[in-house]
Amino acid sequence: ILSLAAAPNGDLWVGTPDGLNRIRGGRIDSFTSADGLPDDFIRSLLVDADGSLWIGTRRGLTHWAMRNGGPGGAHMETFSHANGLGSDLVGALARDSAGNLWVATFAGLSRMHRGAITNYTTANGLSSNVITALLSRGDGTLLIGTQDHGWNVWNGQRFSPEKHDGWDRTSIHAILDDGRGHLWFATGNGIARCDCR
């Protein structure tokens, strides 16, 4: 299992190297490239507020708008490097409070807003172009984990890499805010906690 996402209707979406699965009421339905996905290797999932599903793969990002909570009459649209995404290799996904969809790729960070895609790389202040984790916070900031170059903070206008205590040489695989003033990081060396507000 590579990714999980829970939907408001109780569905659980599961991404695997062999396709996408939906668990609903004890039943499992499977979806693959034969159903319109660009790839069977499902790296990340995000259920949006409208119930649609964002699917990150090795061949782009697919938005699956479903009607009545199911695939019948559904519409899939795939975004790739060819139409503006930073890379076809999509990792983590996050939606921020301003409505932006942030897409981690192996060639930087992409921001999607109302159909427009903006790409950010080390040229824009990121500490690495290989983005591995994202966490949107209620204060409007976005935390960005990287491979071997720690984490960065987007404050709405610029990126600030975290550089002290060796963080700039750490791989960040996941970021969690526990709601009690602690950030937790899954790193290449174990679990780390940052006491910050």
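Author: What follows is a walk through the salt bridges, with Asp39 as one of the stops. The model is predicted: local features need pLDDT of at least 70, side-chain atom pairs count only at pLDDT 80 or more, and totals for chains, interfaces and linings use all residues. Residues are numbered from 1 along each chain as its sequence is written, and side-chain values use heavy atoms, with hydrogens and water left out.

A salt bridge here is a side-chain nitrogen of Lys or Arg within 4 Å of a carboxyl oxygen of Asp or Glu. That rule gives eight salt bridges.

Start with Asp39. Its side chain meets that of Arg58 in a salt bridge, 2.8 Å from N to O. Asp39 sits in the loop between β4 (27-31) and β5 (42-47), and Arg58 in the loop between β6 (53-57) and β7 (60-67), so the pair ties together parts 19 residues apart in sequence. Strands (E, at least two residues) are DSSP runs, numbered from the N terminus.

Asp39 also forms a salt bridge with Arg59, with the closest N and O atoms 3.0 Å apart. Arg59 too lies in the loop between β6 and β7, 20 residues from Asp39.

Now the surroundings. Buried means under 20% relative accessible area, exposed over 50%, and partly exposed in between (1.4 Å probe, protein chains only). Asp39 is buried at 3%. Arg58 is partly exposed at 40%.

Next, Arg95 and Asp48. Their side chains form a salt bridge of 2.4 Å, N to O. Arg95 belongs to strand β9 (residues 90-95) and Asp48 to the loop between β5 and β6, so this pair ties together parts 47 residues apart in sequence. Arg95 is partly exposed at 29%, while Asp48 is buried at 13%.

Finally, a network of salt bridges links Arg22, Arg27 and Asp29.

Terms used:
Helix = DSSP H or I, 4+ residues; strand = E, 2+ residues; numbered from the N terminus.
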